[in-house]
Amino acid sequence: MITHLSSLVELAKSKPKRKIAVAAAGDYHVLQAIAKASAEGLVEPILVGEKTAIKKIAKEIGFNLRKIEIIDIDDDYEASLEATKLISHGKAEILMKGLVSTGLLLKAILDKDFGLRTGTLLSHVALFETPYYHKLLGLTDAAMNVDPGLEEKIDIIKNAVKVFHRLSNLNPKVAILGSVETINPKMEATMHAATISMMNYRKQIKGCIIDGPLALDGAISKRAAELKNITSDVAGDADLILAPDINGANILYKSLNFLGGAMSAAVIMGAKVPVVLTSRGDTEKSKFLSIALAAAIA
Ligand code: COD
């Protein structure tokens, strides 16, 4: 089981080197992360995008492109489509978003001829390492699904649980967040949490232990759980947090990184291959670790 994000790098190195197709690759920070991941032998990049822009940035950051394949396409959507085609034709095993909107990349991923659909929802999974928690903490979905309903939340959990399984945590503890531990029909998140927990208890959702609703303190602090008299296998020891919606998840994501001294790695799950979709505010290290995560689970 992985306890530190740096272990993702070792894990990725222990696997066959994966090819990563970067859609609209002319992005300074994305190319920085790709250059590092390539230099460390984690991935072999194929850069799809405007060649002049890619070459200009590469020169600035000292990224030697001599052995790197570049497919010269100016249009962002066409570049995204070409990158997904590389994957559907078996020429690459990871997709990475460059300077293109999430919506356009999603459109390419969902393309009916060349896309990477699997029939399940695509969702974002982040892993955090922070000095204030005793293990890695997963969070979903901070970047893709805006206001998931019950069925979508189930898919989002399944996608995130898959990440834990691939990192050898075969029964992760999942906390479904609310702002209270009791079920309140006026708070939909608590109703969803109760239903999903019962579905897990009745083995309709397997491969994890789910409990909720739990407020954040009860999910991650044993002391808070004891003070609140919560009896739960998950409380105080969650591996993964399902947030009620993108707002809550994104605020938690940014609080952990900007106020909580955390480092993170994240991927989109649910497509045929992991998709690296980092946000502009993520550090270069976080982008690099996200590539390592994708390579480790691809
Ligand atoms: N998984 C699979 N298919 C999806 C998903 C998903 N998560 N979301 C939409 N689809 C499919 C729909 O079923 C439909 O077939 C097609 O995609 C278009 O659906 P729309 O019209 O809802 O798609 P868009 O382009 O309007 O919205 C998709 C986004 C991902 C762009 C949208 O959900 C969004 O804006 N998400 C938040 C992105 C964001 O701002 N993140 C901020 C933090 S980085």
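I will take the ligand first, then the salt bridges.

A word on the source: this is a predicted model, where local features need pLDDT of at least 70, side-chain atom pairs count only at pLDDT 80 or more, and totals for chains, interfaces and linings use all residues. Residues are numbered from 1 along each chain as its sequence is written, and side-chain values use heavy atoms, with hydrogens and water left out.

So, the ligand. Which residues surround the ligand? They are G103, L106, L110, L121, L122, A143, M144, N145, V146, I246 and N250. Near here means a heavy atom within 4 Å. By class, that shell holds eight nonpolar residues, three polar ones and no charged ones. For the classes, Ala, Val, Leu, Ile, Met, Phe, Trp, Tyr, Cys and Pro count as nonpolar, Asp, Glu, Lys and Arg as charged, and the others, Gly among them, as polar.

Now the backbone. A backbone N or O atom of L122 sits 2.8 Å from a ligand nitrogen. For M144 that distance is 2.9 Å. For A143 it is 3.1 Å. The protein covers 49% of the 860 Å² of accessible area that the ligand has on its own (Shrake-Rupley method, 1.4 Å probe). Helix 5 (102-109) and helix 10 (246-258) each give two or more residues to the shell. Helices here are DSSP runs of H or I, at least four residues, and strands are runs of E, at least two, numbered from the N terminus.

Where does the ligand lie? Domain 1 (6-117 + 271-297) and domain 2 (125-258) both give residues to its shell, so the ligand lies between them. Those bounds come from an automatic or database domain assignment.

On to charges. Side chains of opposite charge can pair when their charged atoms come close. We call it a salt bridge when a side-chain nitrogen of Lys or Arg is within 4 Å of a carboxyl oxygen of Asp or Glu. The count is nine.

Take E44 and K19, paired at 3.8 Å, N to O. E44 is in strand 2 (residues 43-49) and K19 in strand 1 (residues 18-23), so the pair ties together parts 25 residues apart in sequence.

Next, D237 and K135, with closest N and O atoms 3.0 Å apart. This pair ties together parts that are 102 residues apart in sequence. Buried or exposed? D237 counts as buried, at 14% relative accessibility. K135 is buried too, at 18%. The cut-offs: buried is under 20% relative accessible area, exposed over 50%, partly exposed in between (1.4 Å probe, protein chains only).

Methods:
Polar contact = N/O pair within 3.5 Å; in protein donor to acceptor, adjacent residues only side chain to side chain.
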